[in-house]
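Me: I've got a structure open and I'd like to learn how to read it. Can we go through it together, feature by feature?

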Amino acid sequence: MIRTFAEFTTRLDRFIRANMPLSGNEIRTPAQDHDFGELALSLFALQYGSVPAYRNFCDIRHVTPGSVADWKQIPPVPARAFKEFDLTSLSAAERTHAFHSSGTTGQKPGRQFHDAASLACYEQSLVPWFRAHLLPDEPPEIGLVVLTPSPADAPHSSLVHMAETIRRSFNWRFSEFVAGVDADNAWVLHSEVGVETLRGAQGSGLPVLILGTAFSFVHLLDHLAAGDRDVRLPDGSRVMETGGYKGRSRMMPKDELHELIARRLGVPPSHIVCEYGMSELSSQAYDRAAGHRAPRFNASTLQRPFRFPPWARARIVSPETGMLVGEGETGLIQVFDLANARSVMAIQTEDLAVLRADGFELMGRAQLAEPRGCSLMTAAPR
Amino acid sequence: MTLPNYFIADLPPEAEISASMIHDACLTLKRNRERYLAGRSTQSLLERLGEIAGNWLQPDYALRKLALERSPRDTGFSPATLASGLDSFFSKITPENLNALLVQELGHAERLDRFVSTPVEERSGRSALAAGPTLLVHVAAGNLPLPALMSLVLGLIVRSAQFLKCASGASLLPRLFAHSLYEVEPKLAACLEIAEWRGGRAELEQPLFEHADRVTVTGTDETIAEIRRKLPARIRLLDYGQRASFGFITRDLLTSHEAKQLAGKAAGDIAAWNQLGCLSPHLFYIEAGGVVSPEQFAELLAAQMARLEEAEPRGPIPAADAAAIASRRAFYEVRAASSPDTRLWQSDDSTAWTIVYEADPGFQLSCLNRFVYVKPVKDLGEALHAAETVRGKVSTVAIAAPENRAQEIAITLARWGVARLCPIGRMQQPSLLWRHDGRASLGDLVTWIDCER
């Protein structure tokens, strides 16, 4: 029986080490379901006991640690609830760090709180799964170019923290954040700095790893296209692309974006890895390992399924009934993330995905229906 | 039953629509109008329309049967929902009602046939004729099947050639209506074209707009803005953008007997067309201080929704719409777990219906498909203050008020900026004579020719 968070993180640490993905072609999953379930149930008990808003939510559903025998019965809290409640077991004084969800202007962001120990837990989850997908060939040296502001400019962004963790963990000689923030704290890509940085890499022959959101790539590519310029990044360069557009640049279908990255930056689609993550989670899912053929590629949807690491599980449930969907069916993504130690492990996202044998495919905007109708609509309730 | 390929929308899905098809169709429409429609008398057209409506009201009418059969797949509505919608719509399409519409809109039933005078015009020695546009283009929203039919009826009355562009997958009812016109009088149907494509295809829309004399657009504000940008300046655009509607129930009527009846009618308003139209309520403001409290009213409403689900089930909806409901429910569930100011009632094991009670009166837009908010207010003033965020965007307010307060409430709402008031239970059944978004229906289509003696 695990009684404290400290005990839990020790056990999780052991679990992660035992299920550490091997680099290269073989990414070993899934882990022993039994071990995962045991840890999940222990963590649920701890969180039920120490996160009041979550406990209230479980009580209303008549679910308690005593009544749950299977981790799949743990109630997932909607990601949106992070905007309204402090879903954390950390006292106000213990909260040394907070990640904010990116929201629309004027809306309260969701907040994920951390202390040093829970940040360590987050990083421990992040690094091995990142390495398995972005650095499967273990390059001795690579230049890191991040299309986001620096940690000093965006201290509450989980994506920026992720990049910073990667930078610190691998300690490469070259790294650069090439965006800033404007007066409203919106991210602004310094496109020319980005281009110059990439050109420097091209000149020196050092392969680079570019991390950025889809919209920051669109800005960078538009900037190159405006001057009709290309960069030919050295062989072994790779890209991690994440996140939606949220109205910050023109929308671009994924295959078109990847084609343009290949054409303008010289990084082939086989080296472009998509990441699925959110500030409410501590683990991330990826859709391929850089440089590897992706046998899982689905030609009809132009998608590859995403997978979380063995210490986080995704379930795709019917929005209509809440029941697990069958393979090939569409549903909402729930994530049970053991690395979410000090907040809530079970998260109900608002993202739709199609269940595949070995992961889930995100539903792109284009696959959703044509907007229609004359009734006023809004995305989020206040 | 398979339909002959008479309209562009009849072509098989793999057939590509081209700019030249649009161009040719517009030329043909104009030519046919000149030949078959421009010289027709209003009365003969009204009689034809009455005849067609009569056909649609027959339970064994082949096109009606086809519409009901295909409805769940093509419109998303159950056969029962569509049947009651068809009955309610076509029973209003009679020569008498259409005459009344002409008199209301144009002052005289023969205004489109010859120079005529109202008594007022007579006294000032004037007469006038009204004429419809040569080619009237409609861009229809895809959410509800019937409003496009009303547009076609109005266009026919003013003797316009018409091109109806439907949203992708939303042409079934207009097509069947056009075929019913063809059956009765092929020459009239020859003045009509129906096509569907996903909005925004400039290569098709540009030739269409170049031929148009007047354009009506129903849809999202974004769609309207985009079409406005593309339209040649000479064209008058009649735009019907996004609107929201709500209900207001006074404390005087919240006795236990009346509250239950009102809850039944409100449930009908929510269920009608699965709440997808702009006349459907997002929210009900309930005055506090009645025998039945606002919270109790929410509970009564939930019971009525459950009852209605049995009689007129909502039916399946797209995954994204169900996801929107599931996400909101989960959010309110968390809120309700931590505060008595939020309560939630919902269908079991489905997203069929949801009632959210919140003590905070701030106006909240619904995600639709039978998801509604109930909020307490101390009076109408507080409701309107709370609804300031949607001011100018409200189509209909349904009211339940005693006689002695009704006029004052109506005037307050009118001055605040509401286009239509109606009793609870009638939100989705506007009169044939209603003025959509506060604007004249026939009146907005025509051009006047004045003659002074």
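What follows is a walk through confidence, the interface, the sheets and a few single residues.

Me: Before anything else, what kind of model is this, and how are things numbered?

Reply: This is a predicted model, in which local features need pLDDT of at least 70 and side-chain atom pairs count only at pLDDT 80 or more, while totals for chains, interfaces and linings use all residues. Residues are numbered from 1 along each chain as its sequence is written, and chains are lettered from A and ligands numbered from 1 in the order in which they are written.

Me: What is the mean pLDDT of chain A, and of chain B?

Reply: First the general idea: pLDDT is the predictor's confidence in each residue, from 0 to 100. Where pLDDT is low, the predicted coordinates should not be read in detail. Here chain B has a mean of 96, with 100% of its residues at 70 or more. Chain A has a mean of 89, and 88% of its residues reach 70 or more. Elements here are DSSP runs numbered from the N terminus: helices are H or I with at least four residues, strands are E with at least two. For the model, ipTM is 0.89 and pTM is 0.91.

Me: How many residues of chain A are in contact with chain B?

Reply: Two residues are in contact if their C-beta atoms, placed from the backbone, lie within 7 Å. By that rule, 32 residues of chain A are in contact with 43 of chain B. On the chain A side, α3 (52-60), β1 (77-78), β13 (330-337) and β14 (346-356) each supply at least two residues. The largest share, five residues, comes from α3(A). By type, the chain A side divides into 17 nonpolar, seven polar and eight charged residues. In that count Ala, Val, Leu, Ile, Met, Phe, Trp, Tyr, Cys and Pro are nonpolar, Asp, Glu, Lys and Arg are charged, and the others, Gly among them, are polar.

Me: Now the sheets. In what order do the seven strands of the open sheet in chain B run?

Reply: Strands of a sheet pair through backbone hydrogen bonds, either parallel or antiparallel. Two strands count as paired if DSSP finds at least two bridges between them. In chain B the seven strands form an open sheet in the order β9-β10-β11-β8-β7-β12-β13, with mixed pairing. The edge strands are β9(B) (342-346) and β13(B) (420-423), each pairing on one side only.

Me: Which strands pair with β7(B)?

Reply: β7(B) pairs in the parallel sense over five bridges with β12(B) (residues 394-400), where F248(B) stands opposite I399(B). β7(B) also pairs in the parallel sense over five bridges with β8(B) (residues 281-287), and I249(B) has I286(B) as its bridge partner there.

Me: Why is β7(B) largely enclosed by the rest of the structure?

Reply: A residue is buried if 20 or more other C-beta atoms lie within 10 Å of its own, exposed if 12 or fewer, and partly exposed in between, with C-beta atoms placed from the backbone. β7(B) (residues 244-249) has six of its six residues buried, so it is largely enclosed. Both faces are covered: A244(B), F246(B) and F248(B) are buried on one side, and S245(B), G247(B) and I249(B) on the other.

Me: And the other sheet in chain B: is its pairing parallel or mixed?

Reply: Parallel, with five strands in the order β4-β3-β2-β5-β6 forming an open sheet. β4(B) (192-196) and β6(B) (236-240) stand at the edges with a single partner strand each, so one side of each is left without a neighbour in the sheet. β3(B) (residues 161-166) and β4(B) pair in the parallel sense over five bridges, and C166(B) has E196(B) as its bridge partner.

Me: Last one: is L49(B) buried or exposed?

Reply: L49(B) is buried, with 23 other C-beta atoms within 10 Å. L49(B) sits in helix α2(B) (residues 42-57). Leaving aside neighbours within four places in sequence, L49(B) is in contact with I93(B), L98(B), V153(B) and L156(B). Over in chain A, S216(A) lies in helix α7(A) (residues 214-226) and is buried too, with 26 other C-beta atoms within 10 Å.
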